[in-house]
Amino acid sequence: MNRRTVATAIVILMLVVLATWLSGCGSKPAPAPAPPPTTEVIQPVSGPPPAQPPPAPPAGAEDESGAAANAVDLIAAWAQAGAPETAPFAYTGVDGATYQAAFAADILPLFTQNNVWFEGSQACTGCHFANAENSYHEMDLSSYKGILTGADSLEEPPGVSILGESEPGKGDIDWSHSKLRERLRNNRMPPGSEFDITEANRDGPCLAVSAQGVEAALGEYDCELTAVGLIAAWVEAGAPEGGFAYGGAEMDFERDVLPFFTENNMWFQGSQACTGCHFANAENSYHEMDLSSHQGILTGADSLEEPPGVSILGESEPGKGDFDWSHSKLRERLRNNRMPPGFEFDITEGNRDGPMILAGTRK
Ligand code: HEC
Ligand code: HEC
């Protein structure tokens, strides 16, 4: 050991003693000032790159989502503009602004393309492709001319307008009373009817009638006596609260008709009673409608919003007595399937105006 080594050892020893003494001091009550907060931020050499502003959209690719609109609203705007073939028409986008659209690019694809209305929806033209007998309702939804000609063009020439015209070509388009609007928005009642392309189930199940009343044969269709036929006979007899004739037997409203509104399993296996959803002239009953009694059925729909109500039996006003079964809402709702087939029944009514559409495709 030389002197230098000894001196170093002594210094180290003194430092150790000093450090020990100081650390002992640290535990004494004398308050030591808190260490200042570290202000210097130590950056790792390879840190994250400084934050950048979001990338600018590529030039020319504008965000057009505000221009989308519900399919039925778009068709309504076209019809209400007079159903022009080439001239642009105005409609309101989801953002509330006004946009322009045209028949060929924005309307026709809603009838001719698959998957437009919901995932898996068939094109209307799969079933309505020509003014020919083998096309449903002799209807051609593949062209401007076909859509304006409408339904039953051979059976009732020149056709039955689906845009609410008094006759195809008259120009008195009435969208809110049009068959097209109804078929796009309105669900068949009661919900859950199977779509039957042969149309056999549209009049409801077959019935046997006798002096004891009606007997429904669930799952059997296409007979002379049916549930819809029974209700039609009742309305055509003036919708009495008591007796009327059907199929050569004496029927009674309460015993024979009312159960088709108030009981489960009357229309098909598993069908719900109408009164499950339409039980009172109250806001929380769908369409403010009460199908539980003679009085309720005659009052009809929307009794609070449009008093005294909107007849479902085709009367000009509830109580007027001018029943018109063939144009009644009740007949429509019992017989007519929503188009295209396969729409899910949505009790919130959220899907009645169709999906959001932009440039002829679902968003
Ligand atoms: C799978 C076949 C099929 C497809 C697809 C279809 N329909 Fe129909 N459509 C029918 C049948 C069958 C009827 C008659 C039975 C009924 O009323 O439920 C009908 C009836 C109609 C009627 C009533 C015509 C009248 O005078 O009462 C309209 C309107 C209609 N369809 C429009 C459409 C529209 C619009 C689409 C597409 C969004 C469409 N249909 C898709 C089969 C189809
Ligand atoms: C599960 C609930 C539910 C049941 C059951 C039900 N409905 Fe409906 N009904 C609705 C909803 C929701 C609406 C409105 C949405 C729509 O039009 O699709 C409606 C609308 C109607 C309308 C249209 C009223 C108008 O002024 O446009 C009639 C008519 C109707 N239903 C009759 C019936 C009949 C008849 C039955 C039984 C045979 C029945 N409903 C069973 C839920 C139901």
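Trainee: How many helices and strands are there in the protein chain?

Mentor: The chain has 11 helices and nine strands. Keep in mind that this is a predicted model.

Trainee: And what share of the 363 residues is buried?

Mentor: Buried residues come to 29% of the 363 in the protein chain. Take the contacts with a separation of 6 or more: residues 24 or more positions apart account for 39% of them.

Trainee: Let's go inside, then. Which residues touch the most other members of the largest nonpolar core?

Mentor: That core holds 32 residues, and those touching the most other members are Ala71, Leu74, Ile75, Trp78, Tyr91 and Leu110. Two or more residues each come from helix 2 (71-80), strand 2 (89-92), strand 3 (98-101), helix 4 (109-112) and helix 6 (179-185). Helix 2 gives the largest share, eight residues. There is also a second, separate core of 23 residues, with Leu207, Ala216, Val235 and Ile297 among them.

Trainee: Helix 2 keeps coming up. Why is helix 2 described as largely enclosed by the rest of the structure?

Mentor: Count its buried residues: eight of the 10 in helix 2 are buried, so the helix is largely enclosed by the rest of the structure. Those residues are Ala71, Val72, Leu74, Ile75, Ala76, Ala77, Trp78 and Ala79. Just after the helix, check the backbone at Gly82, which takes a positive phi of about 95°.

Trainee: What does Leu110 touch, leaving out residues up to four places away in sequence?

Mentor: With those left out, Leu110 touches Ala71, Ile75, Val116, Ile357 and Gly360. Ala71 and Ile75 are on the list of buried residues in helix 2.

Trainee: Now for a residue in another helix. Is Leu298 buried or partly exposed?

Mentor: Leu298 sits in helix 10 (residues 294-299). The cut-off for buried is 20 or more C-beta neighbours within 10 Å. Leu298 has 18 inside 10 Å, so it counts as partly exposed. Its contacts, not counting residues up to four places away in sequence, are Ala239 and Pro318.

Trainee: On to strands. In what order do the three strands of the open sheet lie?

Mentor: A general idea to start with: side chains in a regular strand alternate between the two faces of the sheet. Here, the order is 1-8-9, with antiparallel pairing. Strand 1 (69-70) and strand 9 (361-362) are the edge strands, each pairing on one side only. Strand 1 is joined to strand 8 (residues 356-358) by two bridges, and these strands run antiparallel. To find one such pairing in the viewer, pick Asn70, whose bridge partner in strand 8 is Met356.

Trainee: Which way do strand 6 and strand 7 pair, and over how many bridges?

Mentor: Strand 6 (residues 243-246) pairs with strand 7 (residues 249-252) in the antiparallel sense, over four bridges. Tyr246 has Ala249 as its bridge partner in strand 7. The hairpin has two residues between the strands, and Gly247 takes a positive phi near 60°.

Trainee: Last topic, the ligands. Which residues come nearest to ligand 1?

Mentor: There are 24 residues around ligand 1, and Cys124, Cys127, Ala151, Asn337 and Met339 come nearest. Helix 6 gives the most to that shell, with three residues. Sorted by class, the shell has 14 nonpolar, six polar and four charged residues.

Trainee: And which residues are closest to ligand 2?

Mentor: The shell of ligand 2 has 23 residues, the closest being Asn187, Met189, Cys274, Cys277 and Ala301. Helix 11 (residues 329-335) supplies the largest share, three residues. By class there are 13 nonpolar, six polar and four charged residues.

Terms used
Residues are numbered from 1 along each chain as its sequence is written. Chains are lettered from A and ligands numbered from 1 in the order in which they are written. This is a predicted model: local features need pLDDT of at least 70, side-chain atom pairs count only at pLDDT 80 or more; totals for chains, interfaces and linings use all residues. Two strands pair if DSSP finds at least two bridges between them. A residue is near a molecule or strand if its C-beta atom, placed from the backbone, lies within 6 Å of it. Ala, Val, Leu, Ile, Met, Phe, Trp, Tyr, Cys and Pro count as nonpolar, Asp, Glu, Lys and Arg as charged, and the others, Gly among them, as polar. A residue is buried if 20 or more other C-beta atoms lie within 10 Å of its own, exposed if 12 or fewer, and partly exposed in between; C-beta atoms are placed from the backbone. Two residues are in contact if their C-beta atoms, placed from the backbone, lie within 7 Å. A nonpolar core is a set of buried Ala, Val, Leu, Ile, Met, Phe, Trp, Tyr and Cys residues joined through C-beta atoms within 7 Å.
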